[in-house]
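Let's take a walk through this fold together.

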Amino acid sequence: MTRSHTMPAPIALALLAGCTTPAPPGDMPAAASPQQAFWQALSSHCGKAYAGALASDDARDADWAGKAMVAHWAACEEDRVAIAFHVEEAPPSSSSEAVGHAETSSGSEAVGRDNPWNRSRTWIVTRHGAGAQTRFTLKHDHRHADGEADAVTFYGGTSVEAGSARAQDFPVDAESVALFTREGLDASLTNVWHVAVDPAGSKDARFAYQLTRRNDPTRRFRVEFDTTKAVAPPPPAWGW
């Protein structure tokens, strides 16, 4: 009597699965680089506006405490994102600390006395290069209520490393150093700006803008926005 040796179905299927030829590397989806992921996260908020507030406790920023803030992704292009930064404003004060944190005149001078919001600031992030060489530039566009450029505007820096999927650092660039020197803003000559962002739809997603200074470890200005819930877009930033 011949005994047949029938292989149990689950084992046979497992063996067949093990013999499947793996897909060639070229067919596998490429993982996003830190730069790609950062740009995708930043761009995912295009057209949206979010409420925020001061998140740091430097005494030099006391005038910012308790003020309502809104970040509005006002303009998005393939390689450029403009985020208008609106701040609820009290009457002009004598504070000399910069609104854009370069000790600029965009502070009290630019505030419309009949307008409770300061709409003088727009952060512009631009993407350059490709692949591993991709870098980002952050510039601060400061305007007066009539749309005219402030005396200190379009300063910032360019990332020098790949950064991460959620954050990029922007050390002050030579053009801005020259501008600050010309305007007597010596405190800003070692500025480093930091932008952190989570993709839209992420749990507990946040967007943050931060300033530190290499020559002053005590200096830290940071504002954060809750990007899990959009708010109504504000009027355009001044000059936009």
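How much accessible surface does the protein have, and what share of it belongs to carbon and sulfur atoms? The accessible surface comes to about 12,500 Å², with 56% of it belonging to carbon and sulfur atoms; areas here come from the Shrake-Rupley method with a 1.4 Å probe, and for residues only the protein chains shown count as cover. Before going on, a word on the ground rules: this is a predicted model, where local features need pLDDT of at least 70 and side-chain atom pairs count only at pLDDT 80 or more, while totals for chains, interfaces and linings use all residues. Residues are numbered from 1 along each chain as its sequence is written, and side-chain values use heavy atoms, leaving out hydrogens and water.

Take the contacts (heavy atoms within 4.5 Å) with a separation of 6 or more: residues 24 or more positions apart account for 57% of them.

Now for the layout. The protein has three helices and 10 strands, which are DSSP runs numbered from the N terminus (helices are H or I, at least four residues; strands are E, at least two). Reading from the N terminus, you get α-α-β-β-β-β-β-β-β-α-β-β-β.

The 10 strands make an open sheet in the order E6-E5-E4-E3-E2-E1-E10-E9-E8-E7, with antiparallel pairing; two strands pair if DSSP finds at least two bridges between them. At the edges sit E6 (155-158) and E7 (167-171), each pairing on one side only. From one strand to the next, the twist averages 20°. For a look at one pairing, E8 (residues 191-197) and E9 (residues 206-213) run antiparallel over seven bridges, and His 194 stands opposite Gln 210 in E9.

What about the helices? H2 lies across E2, E3, E4, E5, E7, E8 and E9, at about 50° to E3. H3 (residues 174-182) lies across E5, E6 and E8, at about 155° to E6. Axes are lines fitted to C-alpha atoms, for helices over the stretch in contact, and angles run from 0 to 180 degrees between N-to-C directions.

Finally, the one disulfide, that is, a pair of cysteine sulfur atoms within 2.5 Å. Cys 46 and Cys 76 form it, with their sulfurs 2.1 Å apart. Cys 46 is in the loop between H2 (34-43) and E1 (49-54), and Cys 76, 30 residues apart from it, is in E2 (residues 69-77). The link is left-handed, with -100° about the S-S bond. Cys 46 counts as partly exposed because its relative accessibility is 30%, and so does Cys 76, at 33%.

Note on methods. Buried < 20%, exposed > 50% of the residue type's maximum accessible area, 1.4 Å probe, protein only.
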